[in-house]
Amino acid sequence: MGGGEPVYAHERPEWPNFHWDASAFGATLADVHFRRGALITAMTALGFDARQETVLSVLVQDVTKSSEIEGEHLDVTQVRSSIARRLGMDVAGLPPAARHIEGVVEMLLDATGRFDAPLDAERLSGWHAALFPSGRSNLRKIIVGAWRDDHEGPMMVLSGPLDRQRVHFEAPAAERVPQEMDQFLAWFGTARLDPVVQAAVAHLWFVTIHPFDDGNGRIARAITDLALARADGTDQRFYSMSAQIERERTAYYEVLEVTQRGGMDLTAWIVWFIDQLQAALTSAEGVLERVRHKQGFWDVHRDVELNGRQIKVLNKVLDGLNSKLRSSKYAALAGCSKPTAVRDLNDLVDRGILRVDPGAGGRSTSYLLTREGVGRQGARTPDVEDG
């Protein structure tokens, strides 16, 4: 970068005087607000245990998927253990979490749990230190809890495997970072925008500055979660933007690159961001449907005496187990012998919880959960196959 024609938005003299055409996303934004409100109302109407389990699942997704965007795969059971413990939930049978996983969880729960607290440099430094407790990113020693210094050269924003990484843009020089962050944080604390639009702009602006040696994407998504929690007015998360961005990771980096090489018009970025929020809400509505289905099922059958194996396997099926359940699979899930699994399945049929699928028999005998009083019309009923 230098004295030639500006390549990136942050090199332009009008930086960071962003603008956008609100008419391009006004109708979609109004629909997002309606759906967010309806989802939060529906989720808060659930029983406490169902709501807590839903929040736990969403937070586990947020933590793991945000790291996967950066190519890091965290142990899901350790993430679940860390979050459940912090939420005061049962962690029996879950392994203790590694130090670096505890740090990622700590950052996210601080962002969403203290969404009303000011966002300042000290708070961001604490998040960064939590992400890198060893002072290293993989084997590389990095500056932790302070702005980068570009001692290894310009900060490039990359994606892809190490042997064929793609450069999407180059961030501002390190000497600009303190002033850039002061400006960003002052704006974040005082902006009077639609909160979803503010979340979109904040994500793009922070990612552009890339103020730390590493972890900038994860911190940007934590800032997004904080802004959306402010918009929702609750620290309970019922949808995951990080999970949706991970699903559209290629498009995410493409739209970031296009925006960085454009001017101050953020319309295309905000449209993309709101579209992803729409998709995240659609996924969350599917989760709500399954939670209601599960809750309705147990309401109908709450007086039926079942053994622990049956309850465990039925919960797995109700949670959306992808594969059909044969007796061998039942045995594996329940930790029992195959003859015991067959007896359990037959008992569930006798009690009216399962029914035999008339389209199969013999070794391929399959079973379907009964629909009596469960969920809304048209809800998917998982099936169980014996063999």
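Q: What do buried and exposed mean here?
A: A residue is buried under 20% relative accessible area, exposed over 50% and partly exposed in between, with a 1.4 Å probe and protein chains only. The model is predicted, so local features need pLDDT of at least 70 and side-chain atom pairs pLDDT 80 or more, while totals for chains, interfaces and linings use all residues. Residues are numbered from 1 along each chain as its sequence is written, and side-chain values use heavy atoms, without hydrogens and water.

Q: Why does Trp-187 count as buried?
A: Its relative accessibility is 18%, and the limit is under 20%; therefore Trp-187 counts as buried. Trp-205, at 4%, counts as buried by that rule too.

Q: Why is the pair of Trp-187 and Trp-205 called tilted?
A: Rings of Phe, Tyr and Trp (its six-membered ring) pair if their centres lie within 6.5 Å; planes under 30 degrees apart are stacked, over 60 edge-to-face and the rest tilted. By this rule there are 14 aromatic pairs. For Trp-187 and Trp-205 the centres are 5.1 Å apart and the planes stand at 50°, so the pair is tilted.

Q: What makes this pair a tie between parts of the sequence?
A: Trp-187 belongs to helix H6 (residues 177-190) and Trp-205 to helix H7 (residues 195-209), so the pair ties together parts 18 residues apart in sequence. Helices are DSSP runs (H or I, at least four residues), numbered from the N terminus. Ring pairs also join both residues with Trp-15, Phe-18, Phe-184, Phe-188 and Phe-206 in a cluster.

Q: Why does the span of helix H14 agree with its number of residues?
A: The expected span is 1.5 Å times one less than the number of residues. For the 13 residues of H14 (residues 338-350) this should give 18 Å, and the end C-alpha atoms are 18 Å apart, which agrees.

Q: What follows just after H14?
A: Gly-352 takes a positive phi of about 80° there.

Notes
Helix = DSSP H or I, 4+ residues; strand = E, 2+ residues; numbered from the N terminus.
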